[in-house]
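Please keep the structure in view while reading.

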Amino acid sequence: MTKAISIAGLHKSFGRTRALDGLDLGVETGEVHGFLGPNGAGKSTTIRVLLGLLRADSGAARMLGKDPWHDAVELHRRLAYVPGDVELWPGLTGGEAIDLLSRLRGGGRALDKRRRDELIERFDLDPTKKGRAYSKGNRQKVAIVAALASDAELLLLDEPTAGLDPLMEVVFQDVIFEAKAAGKTVLLSSHILAQVEKLCDRVSIIRLGRTVQSGTLSEMRHLTRTTIEAETERPATGLDALPGVHDVRTEEGGRVRFAVDGAHLDGAVRALTGFGIRSLVSHPPTLEELMLRHYGDELASNAANAANAANSGSRGGRGEAR
Amino acid sequence: MTTAPGTGTSHHSPSSTRTPTRTRALAGVGALVRFGLRRDRVRLPVWILALFAGTLATAGNYRTLYADPEDRASIATTMNSPAGLAMTGPRHYLDDYTFGAMLGHQMLGFTAVLVGLMSVLTVTRHTRAEEETGRAELVRSTAVGRHAHLAAALIVAALANLALALLLALGLSGLGVGSVDTGGSLLYGFAHAAVGLVFAGTAAVTVQITAHARGASGMALAVIGAAYVLRAAGDAGGDGGDALSWLSPIGWAQRTYAYVDDRVWPLLLCLALAVLTAAAGFALSTRRDVGAGLRAARLGNAAASGALSRPLGFALRLHRGMLLGFGAGLLLMGAMYGSILGDAEDMLKNIEQIQEAIEEIGGATVAESFASIVMIVISVVAAVYAVMAALRPRSEETAGRAEPLLATGLSRARWAGSHLAVATAGGTALLLAAGIGFGASGAASTGDGALFGKLTVAALAYAPALWVTSGLTLALFGWFPRAVAAAWIVPVYAFVVGYLGQLLQFPDWMNNLSPFGHIPRLPAAEFDWTPPVLLTLLAAGLVWLGLAGFRRRDLETK
């Protein structure tokens, strides 16, 4: 497979603020790639560099084999973009805005009117309303329809469903699956972890303008702790001493909970067997936990005065709550 | 408002049932006034000090320029023409042309326009602009009454006007010029405030009508323009024929005859109109929703037309409203000036002395020399459009609306270029509209058919100066996007030098700094190809520079 997007060591500063600090990103052709990170991590900046709207200070970025800054217009004909905060022209209707964006992108190609109307229908959008009359969610739909009605081979989606209701979220996921089936590449920046878990083949997590982890979800899970909840015939003891086991908590009735590193799962389960397993529930780490693993220290320092919550303990607690 | 039935009409209802309703509607106004003053802590003092310093400097200038009584008598004779009166004020000031009378005659009408502008922008900024951005909604969700925003905006504008009035009164009476006495200075200062209040009230109405701050201030500015044109047309008619001036608040202020007769009562007309318009604003505001205008939003086309999907067609669509508004305004303005052209000639034919004076200035006929002065005003109004239109890419950029377009197959140069094309072609079309209006009605009022062509060409001759203005705006946009508002200097400077420069006799080099100063003063002067060609080349260079800058900088995103 060839890379649709490859970024290495990207830097971008705004005045004294460092938005990107050596970011790396690789997106394979035909995959849906999740782009995760807290607010201000540099996700939108990265996407805008890819769009040639911002000029990187240093580092290499290639998209579809071209330079995003120099070949911007040429690249734009092959991609579609949905910004996270869609602003429309107050005097133009949603339908007009969709046509405008699609035709300007097309570079002469005819707009697929059937596809456009079908998407308007599926997203339950009224195309005759003026831009000023739309709510945030409806403005977002206009941008989504304009992007997906095109036959672009690459979709850059920057928190595309912020403001959409859960029903529309389902429609959006269907449409992305269709795009993937049609062989399109998608870079999806999102805060909605369930969305990313469902849609994305691979994920990159960034923080403070730097990539902290990248890979498939199963790869990431392997690197992270699984939560085990078990009921045993005899009280399970000595689990604390096992390598890679954390946060052991024994409850009444022989129930035990603990978190175990992916590499030591086998040993921990073997040890449990010795006490006679009655029931066993294992929670793979959720994306939230993956995220928290990278941002946990930040959160912890923010909540340093929450004295009783030891850093690891609070993580375990969150996992169980799910 | 939730006034109980009957409480509004019953004069005898105890105050306890009325007061709560009123205080509820105005709740939070004190905090909003303080907030408004805090937000405008730089803006308003700059306005006030600039107007104050400008007036004081002019008064000082008079002393050096017209030291001798003969000088003053001679300038009074020059002023005593329709052109001179249209530019300044009513003829009555000329009877005894002291320094004070000169100030009231030449400066009052001019600064009143700027005071009006300050008031309109202040009111719009604190009302409609707040609603448009959604900030008002956040504020209104707290314990703030429904009339508090408008009331606070009007109070802030009133305080600014009051400060200016007091400053002018103090500063002018402290100058120690004989005819500029304390009583006259007080009246002179408060004449400004009274006009400012009228236009603050006007803005209170226009912000209710449209849902957009830009449209609301545009409408109010059109009212200021109309008030100025009415007084110009009226005053040009001389002593007996100034009925039109009595329709204009600026005309009222000038008819206080500060430093001459010191009449206070015309200001009462202003105050009455200010109260009336403000009350209308409050009343209209209860008939609409927060964030909406008085006109309900209409549905539009579900699909874009072919023209709309091309960059130029799209830019034209965005500029359409403003272009049509300016076009209608300039056509009317031209027609209005044209209609007094005939009177101007008749009136002056009888006065041989003035005829000679004007021929000395270089005009073929009285009408033509008057027309060449009107052209300055017309070209400055068109330049205001040229700047506003060329600023559009910047406002699209900061609003986040450029981003999705520039993520399509549309290049930056084509996007900015299409806006610039509309700005330059639109500005030229505006000159044409004004020239046609002026020419047609001028030809009719003088009976000289040749004037139609002459005046149209005279207006169009200013097109290269407009292109330079738009080009400069684009160059700023490309290289110093945050300082793009500096482009306003061009029309303001052109107005001050082209208009006031004639009165105050500025040195030539000041005139030469303005692109408008290089345009041959048609129809009075001969046409010369060199300046327009050079200006066109300069404009092309600025456009090239601007596009080059825009291509290499970051797009500003939200």
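## Cavities

In this predicted model, a search of the whole structure turns up 4 cavities of 30 Å³ or more. The largest cavity has a volume of about 90 Å³. Its lining is made up of B:L32, B:F35, B:G36, B:R39, B:H126, B:E130, B:V139, B:H149, B:A152, B:A153 and B:V156. Two helices of chain B, α2 (29–39) and α9 (148–173), each supply at least two residues of this lining. Sorted by class, the lining of the largest cavity has 6 nonpolar, 3 polar and 2 charged residues.

The second largest cavity holds about 70 Å³ of space. Which residues line the second largest cavity? They are A:Y81, A:P83, A:V86, A:E87, A:L88, A:W89, A:L101, A:R105, A:A143, A:A146, A:A147 and B:P404. In chain A, α3 (94–106) and α5 (136–148) each supply at least two residues of this lining. The largest share, 3 residues, comes from α5(A). By class, the lining of the second largest cavity divides into 10 nonpolar, no polar and 2 charged residues.

The size of an interface is often given as the accessible area lost when the parts come together. Between chain A and chain B, the buried area is about 3,300 Å², and carbon and sulfur atoms give 57% of that area. Three residues, A:L53, A:W89 and A:L104, supply 21% of the area that chain A buries against chain B, more than any other three residues. A:W89 is also one of the residues that line the second largest cavity. The contact takes 36 residues from chain A and 37 residues from chain B.

How many salt bridges are there between chain A and chain B? The count is 3. B:R317 forms a salt bridge with A:E96, with the closest N and O atoms 3.2 Å apart. On the side of chain A that touches chain B, β1 (3–14), α2 (72–76), β5 (79–82) and α3 each supply at least two residues. The largest share of that side, 8 residues, comes from α3(A). By class, the side of chain A that touches chain B has 17 nonpolar, 6 polar and 13 charged residues.

## Salt bridges in the whole structure

Over all chains, the structure holds 42 salt bridges. Among them is the pair A:E231 and A:R255, whose closest N and O atoms are 3.4 Å apart. This pair links distant parts of the chain, 24 residues apart. A:E231 is in strand β10 (residues 225–232) of chain A, and A:R255 is in strand β12 (residues 255–261) of chain A.

## Backbone details

Most residues other than glycine have a negative phi, and most peptide bonds are trans. Two places in the model can be set beside this general rule.

What kind of peptide bond joins B:L522 and B:P523? The bond is cis, and omega is about -5 degrees. B:P523 is found in the loop of chain B between α23 (508–512) and α24 (530–552).

The other place is in chain A, at A:D124. A:D124 is not a glycine, yet its phi is positive, at about 55 degrees. This residue lies in the loop between α4 (113–122) and α5 of chain A.

Key
Residues are numbered from 1 along each chain as its sequence is written. Chains are lettered from A and ligands numbered from 1 in the order in which they are written. This is a predicted model: local features need pLDDT of at least 70, side-chain atom pairs count only at pLDDT 80 or more; totals for chains, interfaces and linings use all residues. Side-chain values use heavy atoms; hydrogens and water are left out. On a 1 Å grid over the protein atoms alone, a cavity is a set of points where a 1.4 Å probe fits but cannot get out, and a pocket is an open set with protein on both sides within 12 Å along at least five of seven lines; lining residues have an atom within 4 Å of a point. Grid points are joined across faces, edges and corners, and a volume is the space filled by probe spheres set on the points. Helices (H or I, at least four residues) and strands (E, at least two) are DSSP runs, numbered from the N terminus. Ala, Val, Leu, Ile, Met, Phe, Trp, Tyr, Cys and Pro count as nonpolar, Asp, Glu, Lys and Arg as charged, and the others, Gly among them, as polar. Contact means heavy atoms within 4.5 Å. Buried area is the accessible area (1.4 Å probe) that two parts lose on being put together, summed over both. A salt bridge is a side-chain nitrogen of Lys or Arg within 4 Å of a carboxyl oxygen of Asp or Glu.
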